[in-house]
Amino acid sequence: MDTCRYLFFHAIATLTSNQFILWGYWLFDLLIALGFAVVIRQRRTNRPPGNSIAWLMALTLLVFVPKIFASPLLLLEDIIRAFRHFPPHSIWVSELAVLITAFVFLSLLYGMTGGRHRYKVHRLTLKFPDLPNAFDGFTITQLSDIHAGSFTSKKGVEKGVSLVNEQNSDLILFTGDLVNNVASEMDPWIDTFAKLKAPFGKYSVLGNHDYGDYTRWESEAAQAANLVRLKKVHKEIGFKLLLNDAVQVKKDGGSIALIGVENWGKGGFHKYGSLTKAAANVTDDEFKILMSHDPSHWEAKTLEHDKHINLSLAGHTHGMQFGIELFGFQWSPVKYVYPQWAGLYEKKGKYLYVNRGFGFLGFKGRLGIWPEITVITLKKG
């Protein structure tokens with residue numbers, strides 16, 4: 001990162017000798033560093049930093065990421081200069097580097113403004129030979145990763161909720177991470193999300209952020225009380241929370257099993273979920289839909305489970321809120337961590353759909369990987 005800063009500084013110095021601009025270049029970096037120092041001190045004294053961390057991360061991305069994209073050009077110029085006994089920096093190379101940086105900067109700025117509520121509806125039809133006849137044409141809207149603690153725009157959130165209702169789906173399923181850390185983050189948004197409507201009900205599961213594991217608590221009892229409150233919030237917005245449990249969704253004499261597990265993730269994530277416990281009362285011949293927040297659960301547990309899970313729904317990755325999805329091509333850095341990170345996957349006649357998330361976390365926006373509302377139509381195949 002230091003190399004990128006120095007390379008870009010020389011590009012600026014090539015184009016201007018204005019001392020105000022040159023000193024301001026380093027002063028802005030210093031102010032960001034001081035901001036992080038203040039936040040670290042607050043955390044050590046158990047003072048809540050509020051949204052300051054998110055804003056500092058946003059500023060850091062805006063300041064440093066654009067320079068990374070311009071650095072290869074500037075580094076190549078320095079290599080060539082080394083073989084030519086270091087002549088002065090080229091003005092046109094510096095101008096091109098500034099243009100590249102400006103383009104990336106404006107793209108990130110859009111992601112932090114318009115991108116965070118640029119909801120995209122992803123529609124797909126899945127065919128199953130064992131789907132009960134009564135559910136032929138049944139529609140499901142999946143939401144995931146609301147992260148209410150990151151929201152600041154009521155108009156933006158209401159836009160997304162209205163778009164969900166416009167889909168007129170039979171069932172709404174939410175696959176975890178209602179908040180960032182604490183249940184109170186949902187308080188301003190309860191009335192908004194209570195407006196979600198579906199004739200066959202609304203069901204939900206917990207995600208890794210919902211347990212309050214990423215914040216400091218004065219006691220274990222306080223953390224437990226927070227989780228109790230969050231479970232009540234699910235009820236207040238009209239969602240039936242499935243905690244390693246299953247229910248039957250019935251229609252015209254037919255039924256499907258809806259299974260919900262608590263969070264289970266590979267690596268360092270807590271493993272609260274138990275598919276065996278959740279599916280204990282589900283018969284082998286029932287058509288099964290599983291809600292499990294973390295997609296790593298699918299390969300680790302679901303595929304090899306003794307009961308055939310027809311369709312699994314997950315979220316968690318957010319598609320890293322950054323990437324490219326154009327003309328069928330998909331790329332995001334998160335693909336190197338999660339083999340199943342966005343969209344539809346199939347193995348052994350079993351499907352997994354990974355929702356890109358409704359909200360955002362950390363990076364206060366989205367770029368290329370837009371917030372998602374998934375509409376799945378079940379068909380008898």
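Let's start with the lining of the second largest pocket. By class, that lining has 13 nonpolar, 8 polar and 1 charged residues. Keep in mind that this is a predicted model.

Stay with this pocket for a moment. Its volume is about 570 Å³. How many residues line the second largest pocket? The count is 22. Nearest the pocket's centre lie Met 320, Gln 321, Leu 361, Gly 362 and Phe 363. Which element gives the largest share of the lining? That is helix H3, residues 52-83, with 4 residues.

Now to the helix at residues 2-15, H1. Helix H1 has 14 residues. From first C-alpha to last, H1 reaches 20 Å. The expected figure, at 1.5 Å a residue, is 20 Å, and H1 comes close to that. Which residues of H1 are buried? Cys 4, Arg 5, Leu 7, Phe 8, Phe 9, Ala 11 and Ile 12 are. Note Arg 5 in that list of buried residues.

Next, the sheet. We have an open sheet of 6 strands, and the pairing is mixed. Read across, the order is S1-S14-S2-S3-S4-S5. Where are the edges? They are strand S1, 120-128, and strand S5, 240-241. Each edge strand pairs on one side only.

Inside that order, look at S3 and S4. Strand S3 covers residues 171-174, and strand S4 covers residues 202-204. In what sense do they pair? S3 and S4 run parallel, over 3 bridges.

Notes: Residues are numbered from 1 along each chain as its sequence is written. This is a predicted model: local features need pLDDT of at least 70, side-chain atom pairs count only at pLDDT 80 or more; totals for chains, interfaces and linings use all residues. Side-chain values use heavy atoms; hydrogens and water are left out. On a 1 Å grid over the protein atoms alone, a cavity is a set of points where a 1.4 Å probe fits but cannot get out, and a pocket is an open set with protein on both sides within 12 Å along at least five of seven lines; lining residues have an atom within 4 Å of a point. Grid points are joined across faces, edges and corners, and a volume is the space filled by probe spheres set on the points. Helices (H or I, at least four residues) and strands (E, at least two) are DSSP runs, numbered from the N terminus. Ala, Val, Leu, Ile, Met, Phe, Trp, Tyr, Cys and Pro count as nonpolar, Asp, Glu, Lys and Arg as charged, and the others, Gly among them, as polar. The expected span of a helix is 1.5 Å times one less than its number of residues. Buried means under 20% relative accessible area, exposed over 50%, partly exposed in between (1.4 Å probe, protein chains only). Two strands pair if DSSP finds at least two bridges between them.
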